[in-house]
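Subject: Handing over a structure, with notes

Dear colleague,

I am passing on the structure below, and after it you will find notes on what turned up in it. Please read them with the model open beside you.

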Amino acid sequence: MEDRREDAELLAEIAEGSRAAFDRFYEKYAPMVYHIALRIVGDEAEAEDVSHDVFLEILQKPHQFDPKRGSVQAFLAVKTKSRSLDRLRKKRDLLASRLEEAALKEKGAEFYFLRQLEQQVIIDALTHLPEEQRQAIIHFYFHGETHREIAAAMNKPLGSVKSLIRYGLRNLRKQKELFRWMEAGRGEKQHEA
């Protein structure tokens, strides 16, 4: 209870422009914010940037915290998670743009590096699909098999295979980082059987 009162007092003093209150608040919560950010973004420099953004926001908008909605720790954890995910989304959009640019240029070392990153993004996205959708898409896109070949390999009717691929693609499109890649027209029409 003492901790909550101290946090409320620090935020009130920050709102009044107290640098000392902000420094105290930062010392108290910077390690927690950094560790949450690091766990999500997986990179020390990115985690430091996220931490900077979170505390800058606290400095500029200390009134965002509402003690009726929970503790300062919970407030900071939610804010840090949100800023970390925003940063990851921006990086994936940037990756998609660079992949498209690289695909149009000569296939140098950068192309192959980005191609590996692209495959990792796709593999990560595939892990979130139901097993049968994932298998159908792997057969279709990674092995280049036709719908009929996939139906035979999976021992499924042709219509079921087409549905698995269609629902799998729909689920992948929900993952925004793949949206631009899919919209570039890769794969979806190349193996129609």
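Which pattern does the chain follow when it is read along the sequence? The pattern is α-α-α-α-α-α-α-α-α, and the secondary structure comes to nine helices and zero strands, where helices (H or I, at least four residues) and strands (E, at least two) are DSSP runs numbered from the N terminus.

Some conventions come first. This is a predicted model, in which local features need a pLDDT of at least 70 and side-chain atom pairs count only at pLDDT 80 or more, whereas totals for chains, interfaces and linings use all residues. Residues are numbered from 1 along each chain as its sequence is written, and side-chain values use heavy atoms, with hydrogens and water left out.

On confidence, the chain averages a pLDDT (the predictor's confidence in each residue, from 0 to 100) of 79, and 74% of the residues score at least 70. Over residues 181-193 the pLDDT stays under 50, and for that stretch the model has 28 contacts (heavy atoms within 4.5 Å) beyond four places in sequence. Among contacts in the chain between residues at least 6 apart in sequence, 58% join residues at least 24 apart.

Buried residues (under 20% relative accessible area, with exposed over 50% and partly exposed in between, for a 1.4 Å probe and protein chains only) make up 36% of the 193 residues in the chain.

Val72 touches Asp7, Leu11, Phe25, Tyr29 and Phe65, not counting residues up to four places away in sequence. Thr80 lies in helix H4 and counts as buried because its relative accessibility is 0%; with that same exclusion of residues up to four places away in sequence, Thr80 touches Val33, Ile36, Ala37, Val50 and Val54.

Turning to the rings, the count comes to six aromatic pairs, where rings of Phe, Tyr and Trp (its six-membered ring) pair if their centres lie within 6.5 Å, and planes under 30 degrees apart count as stacked, over 60 as edge-to-face and the rest as tilted. Phe25 and Phe55 form an edge-to-face pair, 6.3 Å centre to centre with 75° between the planes, and this pair links distant parts of the chain, with Phe25 in helix H2 and Phe55 in helix H3, 30 residues apart. Phe25 counts as buried at 0% relative accessibility, and Phe55 is buried with a relative accessible area of 2%. Phe22, Phe25, Tyr26, Tyr29 and Phe55 form one aromatic cluster.

Finally, in helix H6 (residues 131-142), Gln133, Arg134, Ala136, Ile137, His139, Phe140 and Tyr141 are buried, and just after H6, Gly144 takes a positive phi of about 70°.
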